[in-house]
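Hi everyone, thanks for making the time.

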Amino acid sequence: MILIGSITLLIGLKINADEIKLPEMGDHSAVILSPEQERRIGQQFMQQLRGAIPIIDDPELTTYIQSLGYKLVAHSDNGGQNFTFFIIKNPTINAFAAPGGYIGIHSELIVNTQTEGELAAVMAHEIAHITQHHLARAFEHSSRLSLPMTAAILTAIIAGAASGNPDAAMAGLIAAQAGSTQSQINTTRANEKEADRIGMQTLSKSGYDPFAMPSFFERLQQASRYYGLEPPEILSSHPVTRNRIADAVGRAEQLVTNNTRQLLVKNENDLKFYLMRAKLQVLASEDDRETIKYFSQSLKTGHYLNKEATQYGYALALHNAGNRNEAKKQILALLEQDKDNLTYQLAFAEIEESTGQLKTAFDIYKKALDLYPNDYTIVINYAQALLRNNQPRIARDLLKAQMELGQKNGWTYLLLARAGENIGDQTESHRWMAEYYYYHGQIGMAISQLKLASRSIGNDFHEHSKIDARLRELEAEVKINKKMDL
């Protein structure tokens, strides 16, 4: 499914793609980007993107989307490529792939899918763009365009599109590409057809009904009739034609016969999908009262895809609005039906903590960790609760264990910084804040924090050496960026 097949499609800017000229990346005889170059562009792109647009970093949603993504990757033509899947808070239906295996999905797209298979279809298509090296072919190497500048251009395009302001997108684009020779980069129809075909194969191999792809196409086309002059970004950048739907149906029929389709059992993760979809609706909402009203009316009228998920969303919305008693009532009703559901348990722990029932909340987290040791979602939720209730040392130990498992991200850096501050270790607090700022693309702030850390160390030569080495790394990166006019 070509939702926005690649970054080069300009992420649905509300201007004609033909009017946008990007820097020339080299002629067609040039060698395409190496895996290392792609990785470096992707890293810098993602670092800048985190500081430019709102990314939903809820631990449970992040774990879910990463898990679903890697389930698909395991059945793709992946040749060892690393992937990172993330959700952008954005009220438009869209998704994109970027160099280095980064795949972003807009929150509104997830809310508009009706099954996990439909969401998987979107992601499988984007995975195919990466495994088939479509992005590497689009961004051919050229000595005239630096890798950092390429990342900056991608970020400018996405940030402007996400802001809903085409002028901002163009201003960022012009600033990023100043002085570059310009030419248009187009994703070819052949690449799009290939991504549809390969993506559907991945979808089927992963245990999903391949008809989920044409089903989503069909619904998007029908919905487009109600949008008038401003259809969803997906349809602006990639019109869903009858031919495309017919092609998708034809491929699905080749992959699964009627008999085998009847044998496809409902995916065991369907409930998880609906729960995460409901949670995303709450997190992406700008109006708690409207969200409460939506879930309440859905429950009353029976207009929902999954009752339990709707009740869960209702509970979260109530909790966000400060109605903890009613939120607790809803969650307890869900736990009566499914007492081992971790999503319900975590919601219950958060409600109990907010009402001062700390023993109950901490007992829930401890029991959950006994069942799922080192689970990222449990640890981050538990660590936040510990820090809010003056138990920073326990939080720090849990978080450092996550770091050793490779969970180096915004949450772990930020919470470790808070733990250090609460313990009274200013050096540690500044050092982790530096990593937090760097992770979010704020390299100047990161350098400032490292300098504060260096001044607060005292006579610890080993710590001085580590911090000074990291400081030199970041200062060298700033010099490189200045040479590239970034």
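Let me begin with a question: at the start of H21, which backbone nitrogen does a side-chain oxygen of Asn 409 reach to? That would be the backbone nitrogen of Trp 411, with the oxygen within 3.1 Å of it. Do keep in mind that this is a predicted model.

H21 covers residues 410–423, and its 14 residues take it 20 Å from first C-alpha to last, close to the 20 Å expected. After the helix comes Gly 424, with a positive phi near 105°.

Is H21 mostly covered or mostly open? Mostly covered: 10 of the 14 residues are buried, among them Trp 411, Tyr 413 and Leu 416. The cover over those buried residues includes helices H2, H19, H20 and H22.

The largest nonpolar core has 105 residues, and Leu 119, Tyr 312 and Ile 331 touch the most other members. Helix H19, residues 376–388, gives the most to this core, with 9 residues. Looking beyond four places in sequence, Ile 331 is in contact with Tyr 312, Ala 315, Tyr 344, Ala 347, Phe 348 and Ile 351.

Now, a word on confidence. Mean pLDDT for the chain is 80, and 74% of residues reach 70 or more.

Notes
Residues are numbered from 1 along each chain as its sequence is written. Side-chain values use heavy atoms; hydrogens and water are left out. A nonpolar core is a set of buried Ala, Val, Leu, Ile, Met, Phe, Trp, Tyr and Cys residues joined through side-chain atoms within 4.5 Å. Buried means under 20% relative accessible area, exposed over 50%, partly exposed in between (1.4 Å probe, protein chains only). Helices (H or I, at least four residues) and strands (E, at least two) are DSSP runs, numbered from the N terminus. Contact means heavy atoms within 4.5 Å. pLDDT is the predictor's confidence in each residue, from 0 to 100. The expected span of a helix is 1.5 Å times one less than its number of residues. A polar contact is a pair of N or O atoms within 3.5 Å; within protein, one must be able to donate a hydrogen and the other to accept it, and residues adjacent in sequence count only if both atoms are side-chain atoms.
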